[in-house]
Structure formats: structure tokens, C-alpha cells
Amino acid sequence: MNQEFYMRLALEQAQKAAQVDEVPIGAVVVDPASGEVIAQAHNLSEHALDATAHAEILAMKQACEQLKQNRLRGLDLYVTLEPCTMCAAAISFMRIEHLYFAAPDTKGGAVINGVKFFEASTCHHKPKVEYGILQEEASTLLKDFFKNKRKKSS
């Protein structure tokens, strides 16, 4: 399986989020050695009444439960939008090996934008990072979601 395949799974999760009026972000945890998808999730902050219920957090928690462990060493995370500071910290604490994200987030991202969490001296684990996989599709999904939100509110 290739990176685009896993990012498409993350995009499917993002579309599920949009269908239930959640910000359309999806995440997938993968074991690169076997190609197995360990966990998949999408944003649920609104429905869960939990501001921390971001796709990345939910997918990593699910993976930990599935594997019955508290760290995700050697596993990869695919997410449709650049993680925020909270999620970047969680990714570091979980010891994710490789982070792939589709679209950069100039407003709320914390990996290549904003605080650049993994570059901080206090960051104990820095995953390998790659981005831009299916960027246009992920960006379009987000832009369309917010455009529709603005139309409904006016």
C-alpha cells in the first residue's frame, strides 16, 4: 500500500465528519511493517462536547486500546490537516514514527506553521514528517465545508 491509499482513508473519515456537521478532518493509524490499518477516526468535538476530540487524538486512543499499549512506537499517522499544538504534543508523547498530513494549516497548524512543536527543545520525540499528499482534495473539502457553514449562518 502507498501513502496515497492511507490518505484516501483519512479523507473518507473527513467526509464522514462533514456529513455529521463536524470539521472535516480524518486520521488513520497504520502499521507500516504489515500495512495494517490499526485505527481510523474523524473529528467529533461538537458531538462529543469535547474540544479535545480531534481526529488525531481519537485515532491514536483507538490504536492504543486496540493494541493494549500506551505508546504507538513504529506506527504511522495519516491526517488530512496539519496537526494543531495539542495534537502535535500527543503525537510526540505517543511516539508516532512517521506523520503524514495532506494540507498545511497556516492558522492553527503547529508542525510546519505556528509554534513548530517538533522543533522545540522541550519536544522529546520528533516523528518524521511528510506533507502534501492529496493536499488539494483535503483543502477543498475544508474550504467547501466552511463556505457552506457561512452560507447557512447568513
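**Aromatic pairs and a β-hairpin in the predicted model**

Six aromatic pairs are present in the structure, a pair being two rings of Phe, Tyr or Trp (its six-membered ring) with centres within 6.5 Å, classed as stacked with planes under 30 degrees apart, edge-to-face over 60 and tilted for the rest. One of these is the pair of Phe5 and Tyr6, which is edge-to-face because the ring centres are 5.2 Å apart and the planes lie at 80°. The model is predicted: local features need pLDDT of at least 70 and side-chain atom pairs pLDDT 80 or more, whereas totals for chains, interfaces and linings use all residues. Residues are numbered from 1 along each chain as its sequence is written, and side-chain values use heavy atoms, without hydrogens and water.

Tyr6 is buried at 4% relative accessibility, where buried means under 20% relative accessible area, exposed over 50% and partly exposed in between (1.4 Å probe, protein chains only). Tyr6 also pairs with Tyr78 in a tilted arrangement, with 5.3 Å between centres and 40° between planes. This pair links distant parts of the chain, 72 residues apart: Tyr6 lies in helix α1 (residues 3-19) and Tyr78 in strand β3 (residues 76-81). Helices (H or I, at least four residues) and strands (E, at least two) are DSSP runs, numbered from the N terminus. Tyr78 is buried at 3%, while Phe5 is partly exposed at 34%. Phe5, Tyr6, Tyr78 and Tyr100 belong to one aromatic cluster.

Strands β1 (residues 26-31) and β2 (residues 36-42) run antiparallel and are joined by six bridges; pairing of strands requires at least two DSSP bridges. Gly26 has His42 of β2 as its bridge partner. Four residues separate β1 and β2 in this hairpin, and Gly35 in the turn has a positive phi of about 85°.
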